[in-house]
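The points run from the overall fold to individual residues.

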Amino acid sequence: MLIAFNKPYGVLCQFTDRSVPPRPTLAGFGLPADVYAAGRLDFDSEGLLLLTDDGRLAHRLTDPRHKEAKTYWVQVEGEPDDARLEALRRGVALNDGHTLPAQARRIEPPALWPRDPPVRFRKTVPDAWLELTIREGRNRQVRRMTAAVGLPTLRLVRVAIGPHRLDGLQPGQWRDAGVR
């Protein structure tokens with residue numbers, strides 16, 4: 001079984017939380033029994049999360065050797081000029097090594113659901129949207145990459161993992177994605 005889930009902002013990618021008070025988890029969304037997340041999505045990120053009951057499939061989806069493409073829509077603070085986009089396309093030096101090259105392009109603001117809480121708005125600081133596709137999965141990698149080129153991330157939404165896409169799923173909704 002493979003489930004496509006639109007993880008809302010402020011939800012942990014696990015079914016339990018030992019924090020006091022506990023934070024929202026996947027347990028609150030009526031997901032099928034015995035599935036677990038194939039990969040992670042940060043607490044403060046949104047979008048596509050795949051869940052499965054098949055360990056081999058989870059491994060194939062998350063193992064860096066398989067280089068499954070992950071596509072994000074990223075709202076950044078600042079102006080993504082050609083030099084910054086080219087730096088993302090070449091790969092960025094991070095404290096844990098150089099990233100693989102990414103696909104990066106500026107996009108129009110996408111039609112997304114409102115985020116709760118909303119992204120802070122500042123009249124004097126421009127923002128823009130990027131579509132960024134990476135083939136790695138380092139901790140907070142997209143946020144660190146955009147920061148490294150001077151474009152701090154304001155909002156991060158994963159829209160695709162390989163052939164699997166959000167395709168209209170609203171936050172907190174899920175569907176059977178089949179097995180590929």
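1. Secondary structure. Helices (H or I, at least four residues) and strands (E, at least two) are DSSP runs, numbered from the N terminus. On that basis the protein chain contains three helices and 11 strands. Their order along the sequence is β-β-β-α-β-α-β-β-β-β-α-β-β-β.

2. Basis of the values. This is a predicted model, in which local features need pLDDT of at least 70 and side-chain atom pairs count only at pLDDT 80 or more, while totals for chains, interfaces and linings use all residues. Residues are numbered from 1 along each chain as its sequence is written, and side-chain values use heavy atoms, with hydrogens and water left out.

3. Overall dimensions. The radius of gyration is taken over C-alpha atoms, and the globule rule is 2.2 Å times the number of residues to the power 0.38. For 180 residues a compact globule would have a value near 16 Å, and the protein chain agrees, with 16 Å. Along the principal axes, the C-alpha atoms of the protein chain fill a box of roughly 45 × 35 × 30 Å.

4. Accessible areas come from the Shrake-Rupley method with a 1.4 Å probe; for residues, only the protein chains shown count as cover. The accessible surface of the protein chain is about 9500 Å², and carbon and sulfur atoms account for 51% of that surface. A residue is called buried under 20% relative accessible area, exposed over 50%, and partly exposed in between (1.4 Å probe, protein chains only). Of the 180 residues in the protein chain, 48% are buried.

5. Contacts across the sequence. Contact means heavy atoms within 4.5 Å. Among contacts in the protein chain between residues at least 6 apart in sequence, 71% join residues at least 24 apart.

6. Helix α3. Which residues of helix α3 (residues 141-148) are buried? They are Q141, V142, R143, M145 and T146. The buried residues of α3 pack against β4 (70-77), α2 (82-90), β5 (93-94), β8 (127-134) and β9 (153-161). After α3 comes G150, which has a positive phi, near 80°.

7. Salt bridges of R140. A salt bridge is a side-chain nitrogen of Lys or Arg within 4 Å of a carboxyl oxygen of Asp or Glu. The whole structure holds 13 salt bridges. In one of them, the side chains of R140 and D42 meet at 3.3 Å, N to O. This pair links distant parts of the chain, with R140 in the loop between β8 and α3 and D42 in the loop between β2 and β3 (46-52), 98 residues apart. The side chains of R140 and D44 also form a salt bridge, at 3.1 Å, N to O. Here again distant parts of the chain are linked: D44 lies in the loop between β2 and β3, 96 residues from R140. R140 is partly exposed, with a relative accessible area of 33%, and D44 is likewise partly exposed, at 21% relative accessibility.

8. The bridge between R122 and E77. The side chains of R122 and E77 meet in a salt bridge at 3.7 Å, N to O. R122 lies in the loop between β7 (103-107) and β8 and E77 lies in strand β4, so the pair ties together parts that are 45 residues apart in sequence. At 37% relative accessibility R122 is partly exposed, whereas E77, at 17%, counts as buried. Elsewhere, salt bridges that share partners join D42, D44, R140 and R143 into one network.

9. Charges over rings. A charge sits over a ring if NZ of Lys or CZ of Arg is within 6 Å of the ring centre and within 35 degrees of the ring normal. R23 lies over the face of F43, 5.6 Å from the ring centre. R115 lies over the face of Y9, 4.0 Å from the ring centre.

10. The loop between β1 and β2. F29 lies in this loop, between β1 (2-7) and β2 (36-37). Its relative accessible area of 24% makes F29 partly exposed. Leaving aside neighbours within four places in sequence, F29 is in contact with F5, P8, V11, G172 and W174. G10 is found in the loop between β1 and β2, and G10 is buried, with a relative accessible area of 12%. Not counting residues up to four places away in sequence, G10 touches P24 and F43.
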